[in-house]
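User: Please take a close look at one part of this model, its charged side-chain pairs. Keep it brisk.

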Amino acid sequence: MTTTPSTFTRPELICPAGTPAGLRAAIEAGADAVYCGLQNATNARNFPGLNFSVKELTEAVAYANARNAKVLLAINTFPPAGKFDLWKDAIDTAARLGLHAVIVADIGVAAYAARTYPELRVHLSVQAGASSPEAIRYYCEEFGVKRVVLPRILTVTEIADIHRQIPCEIETFIFGNIGMMAEGRCSLTNYITGISTNMDGVCSPAADVRYEETADGTLTTRLGGVMIDRFGCNESAGYPTICKGRYTCAGKSEPYYAFEEPLTLNLSSLLPDLMRAGVTALKIEGRQRSRAYVKAVVSAYRKAVDDIMAGREVALDSLIALTEGSKESQGAFRSKTWR
Amino acid sequence: MTTTTPSLTFGPVLFNWKPEAWRDFYFRVADEAPVDTVYIGETICSKRAPFFVTLFDEVRDRLVAAGKTVVFSTLSETVLKIDRNLVESICAMEGAEIEANDASALYYLRGRPHRIGPLFNAYNEETLRALAAKGAHHVCAPVELPGTSLATLCASAREANVTVEAQVFGRQGLALSARCYHARAHGRTKDSCQFVCENDADGLDLTTLEGKPVLAINGIQTMSYDYLNLIAEVPALAAMGVSALRLSPHSCDMVKVAKMFRGVLDGAIEVAEASRTLDGLNLSAPYSNGFFHGKPGYSLQRAAD
């Protein structure tokens, strides 16, 4: 294990792999590990054209192993009663193919993995919403969880504090979409479309998204008949999700982003602090993103982490161009005034 | 197959009511509401809790004297030290029955009898078995679980000696966040909120840019604009083995709501008549029942026969 003269350990860079080509791009760009999902409801990015068949996953593991990279399988949705077998199959597949770890959220799925494959490494997904030391310890003690992916709602100081109180590793998001709602605890998409983020693995399904342009160049975005936002011809329109929509309410004269503006999380400037806080793994969001995007983001962060470890200055300007609408945010991580 | 008549419950008050209004609501419940179990406790925001905790004893005593079972519900999202302290103190209450709404409560409650609340994800039979093995004997299903899955959950719950509850009335909790949206709507943050949520007894409505109300804000919680109403589905819920039906408290006449559900459960009031009475409550928003039917949650489906 490499360490600098200061106090931190070299963190793993965990990168998204939406497709086999994306997986290869991420590993070539310097990912220490990639995470992916199967082509069904067992993962939280269950989009058409995305994810891996069992054959592709088998090949991906071989490709990664040959390059010293790890493959993690996200099995991080919540099986509705009566459909649990699909999630069992996913765990069985992960164990059979020798995946480095499974990332799970549901108690039943965690219990099945721990009971059936005691040697299989279990990570607790951000979808489990474990945000306190007691909650994390519960999962560690009951299901042998080795790593927790923390919700994007904590400050760096709070992450450091949690690190001192739990027996497992910490993985935290550093770049990508900002989930405004506690992950795994949001039924907004199901409320509007009848498709559940927790049970079907889809947030804001493309089939229910509409873009309507009027003669004056105004663009309206909708999800399942509900207007999410309206943009002038000079504004860039974000993908419509309920938590990034504009609304009115009593006592407010103007429409406003009731939850959050469309922003991208970018923690490049907080990287040294996160590493000092005891974070083992830095996660980049975006399995739904293009290969070019993954390559650009992973390369930039690979260089940043290596620069920090070598005591060099970090420059990450190139990442700003990749953020939604060129607006970026440190979300909850910098200060509790975000709340 | 014989089925037992489900019991009727009041879930915890989810909104930041004035402490006296909160206490008087429960006093009236004790005196007049035909419910069997009453859940109390602050599940949304630990900053609100001090106002209610001091009233716990008198409210509990009054409810118990009226023959109600009293259960204390824990906070749904535990992040800060004050959140953690609140969960720990509720779980440490001597002789009290506790409903867990997050995993930090389970950390304290495992190994002794407890309940699982609707804000903790218990979607399936394997989860139910794992929780039961650690002492859970009663599970309130997540609001979005469709009726078909609820039926499967009930069947496996019987084998595991667990009873299942489902919400049948009131706005539905759809999402939680670390950010307080009530504070944000008033240009404040969670720390500087000055308890603005106390102005909205049933939540703050959010309306789209074309004037359609869709959601309601309750502190860190986002809720449905419409009110869940499963009065027409009561016979189906009873037939599939749901043991308890939860009414989520609002500022409307909840005693009347309870009487309608009680009447239908007891066979004393026809569904159609109870529906008409519930329609006459003059709520600010329409009814919905979509989740139960596997449709968009906001929609209103005709109950299957």
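Analyst: A:Lys303 and A:Asp307 pair through their side chains in a salt bridge, 3.0 Å from N to O. A salt bridge here is a side-chain nitrogen of Lys or Arg within 4 Å of a carboxyl oxygen of Asp or Glu. The two residues are about one helical turn apart, because they sit four residues from each other in helix α10 (residues 291–309) of chain A. Helices (H or I, at least four residues) and strands (E, at least two) are DSSP runs, numbered from the N terminus. A:Lys303 is exposed, at 53% relative accessibility. A:Asp307 is buried, at 4%. Buried means under 20% relative accessible area, exposed means over 50%, and partly exposed is in between (1.4 Å probe, protein chains only).

Salt bridges with shared partners also build one network from A:Glu12, A:Lys70, A:Arg121, A:Arg147, A:Glu169, A:Glu171 and A:Lys283.

This is a predicted model: local features need pLDDT of at least 70, side-chain atom pairs count only at pLDDT 80 or more, and totals for chains, interfaces and linings use all residues. Residues are numbered from 1 along each chain as its sequence is written, chains are lettered from A and ligands numbered from 1 in the order in which they are written, and side-chain values use heavy atoms, with hydrogens and water left out.

The side chains of A:Lys70 and A:Glu12 form a salt bridge at 2.8 Å, N to O. This pair links distant parts of the chain: A:Lys70 is in strand β3 (residues 70–75) of chain A, A:Glu12 is in strand β1 (residues 12–16) of chain A, and 58 residues separate them. A:Lys70 is partly exposed, with a relative accessible area of 28%. A:Glu12 is buried, at 17%.

Another pair crosses between chains. A:Lys88 forms a salt bridge with B:Glu126, and their closest N and O atoms are 3.6 Å apart. A:Lys88 lies in helix α3 (residues 84–97) of chain A and B:Glu126 in helix α6 (residues 125–132) of chain B, so the pair joins two chains. B:Glu126 is buried at 9% relative accessibility. A:Lys88 is partly exposed at 22%.

Chain A has 36 positive and 36 negative charges, with mean positions 2 Å apart. Lys and Arg count as positive, Asp and Glu as negative; His and the chain ends are not counted. Each charge is placed at NZ of Lys, CZ of Arg, CG of Asp or CD of Glu.
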